[in-house]
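Me: Please examine the structure shown here and answer some questions about its helices and strands.

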Amino acid sequence: MQKTEKSLEVTPENLVYFFGDGHADGDEAQKDLLGGKGANLAEMVKLGIPVPPGFTISTWVCHDFNTQRSEDPKKPPQLSKTLLEEVRRALGKVEELTGRRFGGEQKPLLVSVRSGAAISMPGMMDTILNLGLNRTTVEALAEETGNPRFAWDSFRRFLQMYGNVVLEIPGRVFEELLEKKKEEKGVQEDTQLDPAALRELSEEFEEQIKSHTGAPFPQDPWEQLLGAILAVLSSWNNDRAILYRRLHGITGLLGTAVNVQAMVFGNLGETSGTGVAFTRDPATGDPHPYGEFLVNAQGEDVVAGVRTPLPLDEMGEAFPQAYQDLMKVMATLEKHYRDMQDLEFTVQEGRLYLLQTRSGKRTAKAALKIATDMVKEGLISKQEAILRLDAVQCEQVLHPQFDPQAKKTHLAWGIPAAPGSAVGEIALSPEKAVERAGQGTSVILVRQETSPEDLEGMASAGGILTARGGKTSHAAVVARQMGKVCVSGVHELQIDEARGSIRLGKTELKEGDFISIDGSLGEVYLGKVPLLEASLPGELLEVLEWADQFRRLRIRTNADTPGDAKKARDFGAEGIGLCRTEHMFFGEDRISHVRSMILSNTKEERTKALDALLPMQRGDFYGIFQAMDGLPVNIRLLDPPLHEFLPKEPEAVQAVAREMGVSPEEVRKRAAELAEVNPMLGLRGCRLGITFPEIYEMQVRAILEAAVDARKEGLDPRPEIMIPLSSTARELEVLQRMVEDCAKAVFEERGMDCPFAYGTMIETPRAALTADRVAGVAEFFSFGTNDLTQMTFGYSRDDSASFLIPYLQEGILEEDPFVTIDREGVGRLMAIAVQEGRKTRGDLKVGICGESGGDPESILFCHRIELDYVSCSPYRVPTARLSAAQAALKS
C-alpha cells in the first residue's frame, strides 16, 4: 500500500514555477506542489544536468480545477486570469532562453505538455508532444532544419496525440489511418514513410478531427496550449488514473502538476534518438546501467512499445559522446538521490538532454538486491533500506517458478520484461481477462501492446504477453509494479481478435487455450507447465535479519496443519496465532463422524461420534506441536455453526443418508432444525460450546493429550486454548471450569501435566468495551478482526463486494475495512480493549489473527496500540516481519 502524501494547507504564492539555464524556482522537496516530475526537473537543472527549459503548473491548480468541477458538474472549469498571466510570463522566459517564438513563422518554439503527480503513476495520465505546430509552423520547421520528413512526422504525431488526448477521438482512428498509409506505400515501419506520405497523413488526420468534432483543428498555438493544459488536468480523474490510485492505495493528493517544456527532437534523423534508462537493472537489481533506445524516434515510441527498441549497451555505437554523457549523468543522479533512478532522455543531433528522472519502479527481487547492495556501498543505512522496501511487493519473491525438470513445448521467444512464471488460458481482451479471472480461472492477457486502458485486465491476469514493446514498454513497467509475469516483443505472435485466435510461429491457438510464459527468460510454452514453490532469496533473508533487530512485534502464523506450520516456521514464524480446528473436520476420514455427531439425537450418540474423532484431533495437534516445538500454539475451539458441515444438494443428502444409515428426510429434518435466520450471529463460537459442552470437551482433551504425549517425547509444547466469539466474562467462566476439569482428568490419566494458557478472541464490540472484566478470566486476547469489523460496521464480509467498490470509488471509505483495520471504529475498540484489559491483568498477552494480520498498515496500527504479536498466513510471515520493523522505525 502506498503512503498518502500530505496535502498543502494553504494556497501557494505562485501557481507556475520556471526551470532552465541553471535556475529553478522549485526543488526536489516540493513534490506535493510540483509533482515528482516537476520537482526532479528543477533539481536536475540545479545540478547542472542538461534539461530543456520549461515551467511547472502546480498541483494546486488541479485541485482548484477539480473543486470547480465537483461544485458545478455542468459548468466547464475555468483557468484563472492569474494563472494565464503566469503561464505567459514563463513561456516568454522559455522563448528567451531558446531563441525561439511560440507560434513564430521562423524558428517556432514547440513544447511538450506532461502530467506529473507527487507519486509516480506511469502511463495513467496524459502527454502531448510537439505542441505549437500548425500548417504554418510545420513549413517553418521543415525549412529551418532542411528536413521536411522530420517536420511532417512531428506534425502527424502532434495531431494524433492532440486528437486523442484533448479532443477525445479514439486512438484507433489514427492508428488505422497510419497502418493503411504504410500498406498503401508498401512499407513496414513509420520511419519508412516519406515527407509526401506524412503530409498526406497529416491532412487525413485533420479531416478526421473535423469529422469527429465538427470543428477544424485549432491552428492557434495558444489555444492548443490551453486545451492541452485542461486535458492534462482532466486526466487526473480519468478512469485508468482512478483505478490505478485505488489499486495502489494512493490517497490524499491535490492532483497532478502540468509540465510544459521546450521540445527537443529524437526524430531528426540518424544522429538523433530517444530512450529510457535505469541506473540499475529494474528486473534483477544488478548494479549496471540498463535500458533501451531508438534511433530517429520520439519518447512515446519507446514507452508505447510501437517499435521494438535496442539495448542501451549499443547506444555507444550510435551516439558515442551522448552515451558517455549519459553514463556520467546516471552516476550523478543515483549518488544524489541515493536510489535507483529511471531516466527519460533524448539525443538531438548528438547532444544529450534529460527529460525526467524518478526513483525507478522495480521488481521485488530487484528491490531487495538494490537495498542490500546500497547498504554495502554505504549509500544508505539498514534502517533506510528497511523503510524503502514495499513489504507487500516483497511477497512476489515467494511466487512459483517452472519446474526445471518438466518437459516444455517451446512456442516462441520474446523479451523477458517482468520475471516469474505464469500459466493461464489465453484472453484477448481486458474484459475477457476480468471475466475469466472472476470465475476462478488463471489467465494470460495477450495483446499487440498494452495501454493504460488495459489496466483492469492486467490486474486480473496472472501474466501478460505482447507482440510489441520491450522492457520499458507500458506492459513491462506496469507488470513489474503489479508483480505480474510479462513477456513482450514476441515477433512471432500474430493476433486475430475477430477469429478469437493467435498464432505463435506455426502453432495456432484459440482464446481459452492454455499457455505458459517465463518472464525471466522471455519464453512462451504450449499448455500448462508445472510450477514449483519459490524459496527465500538470500537478499530477503539478509533484510529480514536486519528487520528482526528493529521490530518489537512478534510474528505468528495462521496454520491448521503440520505442513503449514513447518512452512511458516521456515519463513520465521514465532508461533501459531490461530489454528482453526473446524478445518480439520472436513477430511474424508472424519467428516462422516462429524455429521454423525450433528445428526445425533442424544448426548450419548454425540459422545460416541466424538470419541471416534478424538484420536484424529489428537494426532493433528501432536503434529503441530512437533512442527512448533518450543513456540506457542494458539488453538481456537470449534467456531462455525453446525449446519455448515451438513450437505445441501439432493445428491449429497442421499449419500450422507446412506452413509449414516438414516433416511434422507431425517438428514433434511436435522438440517432444518439447525437452520438459522442469521447463522453468523446464532449458535456458533462459545455459544456452541456451552450448548453442546461435549464438543469442546473432546477438543480440549485432544489438545492436552497431544501436549502431554509431546512432552513425554522430549518436546516443548506450548498450547493456548482460545474460546471464540465471547461477549461476556460469564461465558468464559463457564467454559473455564470445563477446561480445567478436563485438564485435571487428562493430567491424572497421563501421569504428567503440561502448562497451557486460557484466553479468548475479541470479536464483538461488547467484549472489547468490557475488556476489563473479560481479562479477569482470560490470560490472553486475540482480535478476530473479520468478525469485529462485521459487527462494528454492520457489513457482511461475504456480501460486501456489491457495495465496497462504489464506497471506495466515492471516497465513503478510504480502505477496504476487511483488508486494513478501520482505525476510527474497529481500531478504537481494539485500543480500548488493550487499555482496559491490561488495567485488570498487567501481563495480558494481546495479538491479532484476522486477515489484517499481514497488512502493513494494520501492522503499523497494531504496533502503535502495543499489541504483542500479529498472526498471518504462512506466505505473509516475511512481509509481516518486514512491516513490523517498518512500524517500529516509523514510530
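The questions below concern a helix pair, a helix residue and a strand.

Reply: This is a predicted model, in which local features need pLDDT of at least 70, side-chain atom pairs count only at pLDDT 80 or more, and totals for chains, interfaces and linings use all residues. Residues are numbered from 1 along each chain as its sequence is written, and side-chain values use heavy atoms, with hydrogens and water left out.

Me: How is H22 oriented relative to H23?

Reply: The axes of helix H22 (residues 650-660) and helix H23 (residues 664-674) come within 8 Å and cross at roughly 110°. Axes are lines fitted to C-alpha atoms, for helices over the stretch in contact, with angles from 0 to 180 degrees between N-to-C directions. Angles of 65 to 115 degrees count as roughly perpendicular. Therefore, relative to H23, H22 is roughly perpendicular.

Me: Is Ala 568 buried or exposed?

Reply: Ala 568 lies in helix H19 (residues 562-570). Buried means under 20% relative accessible area and exposed over 50%, with a 1.4 Å probe and protein chains only. Because the relative accessible area of Ala 568 is 0%, this residue is buried.

Me: Which residue is the bridge partner of Phe 780 in S33?

Reply: Strand S32 (residues 780-783) has Phe 780 and Ser 782 pointing one way. S32 and strand S33 (residues 845-848) run parallel and are joined by four bridges; two strands pair if DSSP finds at least two bridges between them. Helices (H or I, at least four residues) and strands (E, at least two) are DSSP runs, numbered from the N terminus. In S33, Phe 780 has as its bridge partner Lys 845.

Note on methods. Parallel < 35°, antiparallel > 145°, perpendicular 65-115°, else oblique.
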